[in-house]
Amino acid sequence: RTNTLTVKPDMTATYSMRDNEIPVTDLKVEGNQVSFKVTMTFNEQSFPMEFKGKLEGATLNGAFITSRGEREAVGKKVQ
């Protein structure tokens, strides 16, 4: 699946998944470390997720962390 993290100059962000745009909370970029949180909602149930990763050049490597475990994620920086 291809999802999109959009970070605006004011450091607000959204996470787009399929046709859903989800607000990002707690976005942090410290050096090359990136983290943020999103809450997905399916059938009126909420599922919080946290991402922790490392930006190396134009590549973002990390993992989404949920109550069900971790899922590796790889992304690329586009402008």
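Which residue takes a positive phi in the hairpin of S6 and S7? I looked there and found glycine 57, with phi near 65°, in a hairpin that has two residues between the strands.

**Entry: ground rules**

I noted that this is a predicted model, in which local features need pLDDT of at least 70 and side-chain atom pairs count only at pLDDT 80 or more, while totals for chains, interfaces and linings use all residues. Residues are numbered from 1 along each chain as its sequence is written, and side-chain values use heavy atoms, with hydrogens and water left out.

**Entry: overall make-up**

I looked up the elements and found zero helices and eight strands. Helices (H or I, at least four residues) and strands (E, at least two) are DSSP runs, numbered from the N terminus. The order from the N terminus on is β-β-β-β-β-β-β-β.

I then looked up the dimensions. Along the principal axes, the C-alpha atoms fill a box of roughly 40 × 25 × 25 Å. The radius of gyration is 12 Å, which agrees with the value near 12 Å for a compact globule of 79 residues. That radius is taken over C-alpha atoms, and the globule rule is 2.2 Å times the number of residues to the power 0.38.

I also looked up burial: 27% of the 79 residues count as buried. Buried means under 20% relative accessible area, exposed means over 50%, and partly exposed lies in between (1.4 Å probe, protein chains only).

**Entry: the sheet of three strands**

I traced an open sheet in the order S1-S2-S3, with antiparallel pairing. Two strands pair if DSSP finds at least two bridges between them. S1 and strand S3 (20-23) are the edge strands, each pairing on one side only. From one strand to the next, the twist averages 25°. For such angles, axes are lines fitted to C-alpha atoms (for helices over the stretch in contact), and the angles run from 0 to 180 degrees between N-to-C directions.

Four bridges hold the antiparallel pair S1 and S2. I checked valine 7 and found alanine 13 in S2 as its bridge partner. S1 and S2 form a hairpin with five residues between them.

**Entry: methionine 11**

I looked up methionine 11 in the loop between strand S1 (4-7) and strand S2 (13-17). Its phi is near 70°, a positive value in a residue other than glycine. Methionine 11 counts as partly exposed because its relative accessibility is 42%.

I also found methionine 11 in a nonpolar surface patch with Val7 and Val29, with about 240 Å² of accessible area together. Patches are made of residues with over 30% relative accessible area and no salt bridge; like charges are joined within 9 Å, and nonpolar side chains (Val, Leu, Ile, Met, Phe, Trp, Tyr) within 5 Å. The areas come from the Shrake-Rupley method with a 1.4 Å probe, and for residues only the protein chains shown count as cover. A salt bridge is a side-chain nitrogen of Lys or Arg within 4 Å of a carboxyl oxygen of Asp or Glu.

**Entry: the sheet of five strands**

I followed another open sheet in the order S4-S5-S6-S7-S8, with antiparallel pairing. Its edge strands are strand S4 (25-30) and S8, each pairing on one side only. The twist averages 25° from one strand to the next.

I went through the pairs in turn. S5 and S6 are antiparallel over ten bridges, and glutamine 33 has lysine 54 in S6 as its bridge partner. Strand S6 (residues 45-56) and strand S7 (residues 59-66) are antiparallel over seven bridges, with leucine 55 opposite leucine 60 in S7. S7 and strand S8 (residues 69-76) run antiparallel and are joined by eight bridges. In that pair I found glutamate 70 in S8 as the bridge partner of isoleucine 65. The hairpin from S7 to S8 passes through two residues.

I looked up threonine 41 in strand S5 (residues 33-42). It counts as exposed because its relative accessibility is 51%.

Where does glutamate 44 lie? I placed glutamate 44 in the loop between S5 and S6. Glutamate 44 has a positive phi of about 65° although it is not a glycine. At 81% relative accessibility, glutamate 44 counts as exposed.
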